[in-house]
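Please look over the following model together with its sequence.

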Amino acid sequence: MKFFYQKVIIGFVILLIVQCKEAYEPAVQSSIQRYLVVEGFLNANGPTTIKISKTSSVLKNEEMQPEVGAQVRVESTGNSVHTLSGNTNGEYTANIPVNINEKYRLLIKTSNGKEYASAFVPVLKTPAIDSISWVREKNGVQIYANTHNPANNTRYYKWEYEETWEIIPEYRSKFDVEEFADLENPVPPVIYIFHPRDPDRFPRICWGSAKSSQIILGSSIKLSEDRIYLSPLTYIPPTSEKVVHKYSILVKQHAISREAFDFLQNMKKNTEELGSIFDPQPSESRGNISCLTNPDELIIGYFTANTVEEKRIFIKNEQVPGWEYDSGCFIKCPENDERPCKYEEIFPAFIPLYRKVGGGYTSADRKCVDCRLRGGDPVKPDFWQ
Amino acid sequence: MRFLRYFILSVLFLLINLNLLAQERRDSVVTTSKKTDFEQFIEQLEKKSGYRFYYNPLHFDSLQISIDTTQKSLDMILNQLLENSDYHYIIDLQRNIFLTKKYEIKGLPKEFFDDSIATVENKEFKIEDYLLGSKKKEVVSSLENKLYELGTKQATPKQGKAVLVGYIREEKTGEPVIGATVYIENPRIGASTDQFGYYSIAIPLGRNVLYIKAIGMKDTKRDIVMYSDSKLNIQLKEQVRSLKEVVVTADKVANIKNVKMGVERLSIKTIKQVPTVFGEADVLRVVLTLPGVKSVGEASTGFNVRGGATDQNLILFNDATIYNPSHFFGFFSAFNPDVIKDVELYKSSIPAKYGGRLSSVLDVSSREGNRKRFSGTAGLGLLTSRLNIEGPIVKDKTSFILGGRTTYSNWLLGLLPEKSGYKNSKASFYDVDLHVAHEFNRKNSLYFTGYLSNDRFNLNSDTTYGYNNKNVSLKWKHSFNNKFYGVLITGYDGYKYNVTSEKNPVNAYQLAFDINQGNLKTNFTYYLNSKNTIDFGVNSIYYKLHPGSFKPNGKESLVVSDIISPEQALESAAYIGDRFDITSALSLDFGIRYSLFNYLGPKSIYTYPTNIPKNEYNLLDTVAYSTGDLIKTYHGPEYRLSVRYAISNNLSVKAGYNTLRQYIHMLSNTTAIAPTDIWKLSDLNIRPQEGDQLSVGVYKNFLSNSIETSVEAYYKRLKNYLDYKSGAVLVLNHHIETDVINTQGKAYGLELMIKKTTGKLNGWMSYTYSRILLRMNDPLLGQLINGGEYYPSNYDKPHDFTLIGNYKFSHRFSVSLNTNYSTGRPITLPIGKYHYAGSERVLYSDRNQYRIPDNFRIDFSMNLEGNHKVNQLTHNSWTLGVYNLTGRKNPYSTYFISENGVVKGYKLSIFGSQIPFINYNIRF
């Protein structure tokens, strides 16, 4: 018996633990169900835009799926019907005169004949924004909204904003470069031709812009009066280029219902605050739009009706001393550089700035010369002061 | 060696053969009462009595005699001398006395030759033994053939009943035998032993046959004559299967006779037969094979009983509460198999003395150390090693058992492929157990348990996780009289975890959580009469929790401290229960427990407006309470009821109804118990969980009770079960109530089990169908989940099939197989993406609408025992086998991450291939 034991030991193969990670495609993913996504509200003091799209697969790198060719109408309890006209981006717009004492609903008939309707919603009057304030926080800028309603009946707020900022290129170039593909001799495939700079080719100033991409909510329900004080809107980190010269933010304030607030808050939690695999499971909540032919169909979106209040503020660089933004721009081959600095070494990543006395070119990163490469628009906005 | 011993004994049998006959031995013997050594004493006895003694001096050389033999008969002296020892004697007609050690020579009872029943003045008189005469027969305990006269004999025989109490112990080690059944057949009256091996039974006066049965022990009986209330200790022999001729007519009727439903008891022997992943017997993993018990994943130790959450199980280790019963991410359970005696799981009828959790009570009992001699065990595995030492401190009075385990698993992690991401991980754990039992006298015993377990791991990052359990308990048992005894338990239970990061000195932090509780419990048992056994008592637990602290780690750290103020509470309960045998067929077990929970200051509590969801926008106010303030009190009754009707000796039906309350909740980011889970007491904003359960069952035994079958069905309701809102933050949340919601739940299921307890082939097969559904349909509490409809909970796994089989080829070689199939657990999947409010967002399915693939696994193991010679230095055994024999890649988890704008799903299997294992065990 003892020999048997020994054989067992000798014959024993040391264990190998293999932890395997395999691609996993749940069965549900193979047939993609596309759900309707409806975003927008009835604007009681401006043009109404309703954006309609469809969900796309998470497993493929699909583009947004706009829903075009739908019939979109807004109907009131007073039986007035307004039709919105659509474009190829799935955006449907109209200027709708609104009676604040009536309730409104959204009606959609998609090109495949399915009909959808929202619940009737009251038109909420948004109180004016008292102020948009900001403070230096962690050396950046934190922007807040302040508002109140003496009637104490708004309670739930939503904000959106549009930011605009000046972008002034760090360097100016006396040259322009044109690129041509050399069809006869494909190696190198591109040839560069220098010519003196066209004064209009690089704008001297651009305006960058961005819209809010998060759901921003606030509520005064816990307070004895309907007052919002320092409700955070956005934070500009000190390394951002937004306040290097001059910055502006336009804040749009919406009064919303509690149901809409809960819906948006849930969407925010599901999609903005899930970070790691340890996070608890998300749960979807239904909005107030449903399919008339198939009540079980999930439609993403919550239709609301309200007036919009706006306020714009500007922040200048002088107001934020010690702004830490570093453009990362530098001059390659400055005047005292003794290398030849031929254009072959410079292109295509860099743009020549001027010809040095001893030959060769000083140069800089293209983004430091052409502000349009930083998402800027050389057309000055109307509101810019 | 062993053969030789038998040979000698057989020769001895033949020599004295059937000529032995009863004889009165009243010859009075007068000797000194001084301490003498055995040989001198025997010489004296021989001189004075005229009897001749035969014995092996080697067996008796260490025996010291101290006995007053004045005016005593020879058999009184011998009885007194050899009582409670493993020495035996027999006397033949030729006035020869044979003394033996361990092995007893059989004789005929006195009545065999004498019609009149012997009457003797002293209460322990002995009937003559009778020689079986056949050499191949096993030596059966002669005690069975002895007539015990118990109590004070009265001049006139009385009618009525008297209470018999005593301890039932294992003969070799002196350990108490828990759950042994003690009964008489006519009329049918039974009792079972408690955790101390103590029993109390009221039986008619006069002649009775007392039967004693216990799992793993040889069935035995005692002939008794009851004169009044009295005491009888009984020693049971371990069921040794080495002698094939022994026919064990096991009348294992516990499942039929027990009034309680849904109680599963597993002895460590059974547990050791089930193959486990690294070859080490694992208490919790075997519990998971029982019907109605499930876990979310393969490497998770938390378990779900009948649709309960992992925090709804009260895990007791010798009355100490264990908060995290696992080691090493759940690969090992925190209980050292070598010090465990057995585990008992109550999943339906929970005795009134237990409370505070909704789903089950898992009562893990350690062994008592060997009261007779020092011994130990050691085990060597691929990942862990363990060592246990036990023995008497004062022989037959005080014993101890000390056990320790540690791991050296780092080499294993080092073998992981680089791309696994865990190559540079480190993990270690250890646990230490110390149990001391002391018997002051027949009425007072003291038990001490100390337990410490510690885990540290580092998953290839600069972050180290650690957690530890600390428990101390002291138990004093006092018998007031034969009918009434009480137990006083006091102890401290602690659990804490900490997460530390040191690599980046600026960001270095230390995150910690701990829970501390002090317990004081009194439990009394009163045997009112033969039909009623009453249990009552008062329990109290004082909690102090530090819900979280986040502190800088080191001088350079710039981390800002964030400490959540501690919370404290007092949970008290009083209970009374009665086991009432209405007729021999119909029994009732009912109890009531009234629990009271006080959430105490100092603490600042957030308040919220009523009738709107609690969220961070609605924080109304903070109210500060100071020390000693009663912030919130919850209280309520809990009812426990079970009924059994025995239709026949091997068929019974049972029904039970239970209500329970739970005041402490685990908040977990995962569905299993993870080291970063925190516990939360009920407070102003979080209500206690409540649950009730109705269950019915039918139990039938076949083939002389060697096959047990059962069908149980249950329906359960849960109230205020905590589920989480989307994106809930649990760690360092100062207002956790905004991230949790109270849900209502319902669970129902059917459990089928077939068990074969004896024979070469034994094991069990179970199938469970069960559902656990939750619902959140109160819009005043927050966003409805799945539109307010019932949704499956994270651990809803409807089908579950388990087969545990063990086949003994010989006494030294056996094989075991463990097969398990279960439905995959539910998950919420991302089912699409869309643009809204300026960003791309992911759309999720309804909560828990989809399931991960099903689980299926077969494990196989072989046990090779060394030779069975008794007198060798060590006894060795090997366990080897293969975990996950089919190599199926069972998913442990699935997750989705965004890669280049595409959400990708991954399935992670932990034991995705066959894993061979080997273990070497030594007993000394």
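## Terms and basis

A residue is called buried if 20 or more other C-beta atoms lie within 10 Å of its own, exposed if 12 or fewer do, and partly exposed in between, with the C-beta atoms placed from the backbone. Helices (H or I, at least four residues) and strands (E, at least two) are DSSP runs, numbered from the N terminus.

This is a predicted model, in which local features need pLDDT of at least 70 and side-chain atom pairs count only at pLDDT 80 or more, while totals for chains, interfaces and linings use all residues. Residues are numbered from 1 along each chain as its sequence is written, and chains are lettered from A and ligands numbered from 1 in the order in which they are written.

Helix α2 of chain A, residues 258-272, has 15 residues and reaches 20 Å from its first C-alpha to its last, close to the 21 Å expected at 1.5 Å a residue (the expected span being 1.5 Å times one less than the number of residues). The helix α2(A) is mostly covered, with 11 of its 15 residues buried; among them are Phe261(A), Phe263(A), Leu264(A) and Met267(A), but also Asp262(A) and Lys269(A). The cover over the buried residues of α2(A) comes from both chains, and includes β13 (156-167), β17 (216-219) and β22 (304-306) of chain A as well as β52 (830-836) and β53 (839-844) of chain B.

Phe41(A) belongs to strand β2 (residues 36-43) of chain A, and this residue counts as buried because it has 23 C-beta neighbours inside 10 Å. Leaving aside neighbours within four places in sequence, Phe41(A) is in contact (C-beta atoms, placed from the backbone, within 7 Å) with His254(A), Phe303(A), Thr304(A), Ala305(A) and Asn306(A). Phe41(A) and Thr304(A) are 263 residues apart in sequence, yet their C-alpha atoms are 4.9 Å apart in space.

## A five-strand sheet in chain B

Chain B has eight helices and 59 strands, and 44% of its 924 residues count as buried. An open sheet of five strands in this chain has the order β17-β24-β25-β20-β21, with mixed pairing, where two strands pair if DSSP finds at least two bridges between them. The edge strands of the sheet are β17 (263-267) and β21 (320-321), each of which pairs on one side only.

Leu362(B) is the bridge partner of Ile315(B), and Ser366(B) that of Ile340(B). Both faces of β25(B) are covered: Ser360(B), Leu362(B), Val364(B) and Ser366(B) are buried on one side, and Val361(B), Asp363(B) and Ser365(B) on the other. Further along the sheet, β20(B) and β21(B) run antiparallel and are joined by two bridges, with Phe317(B) opposite Ala320(B).

## Nonpolar cores

A nonpolar core is a set of buried Ala, Val, Leu, Ile, Met, Phe, Trp, Tyr and Cys residues joined through C-beta atoms within 7 Å. The largest has 71 residues, and those with the most contacts inside it are Val283(B), Val287(B), Leu316(B), Leu362(B) and Val364(B). Domain 2 (264-363) and domain 3 (364-923) of chain B both give residues to this core, so it lies between them, the domain bounds coming from an automatic or database domain assignment. Apart from this core lies another, of 69 residues, among them Tyr116(A), Ile216(A), Ile831(B) and Tyr834(B).

Note on methods
Two residues are in contact if their C-beta atoms, placed from the backbone, lie within 7 Å.
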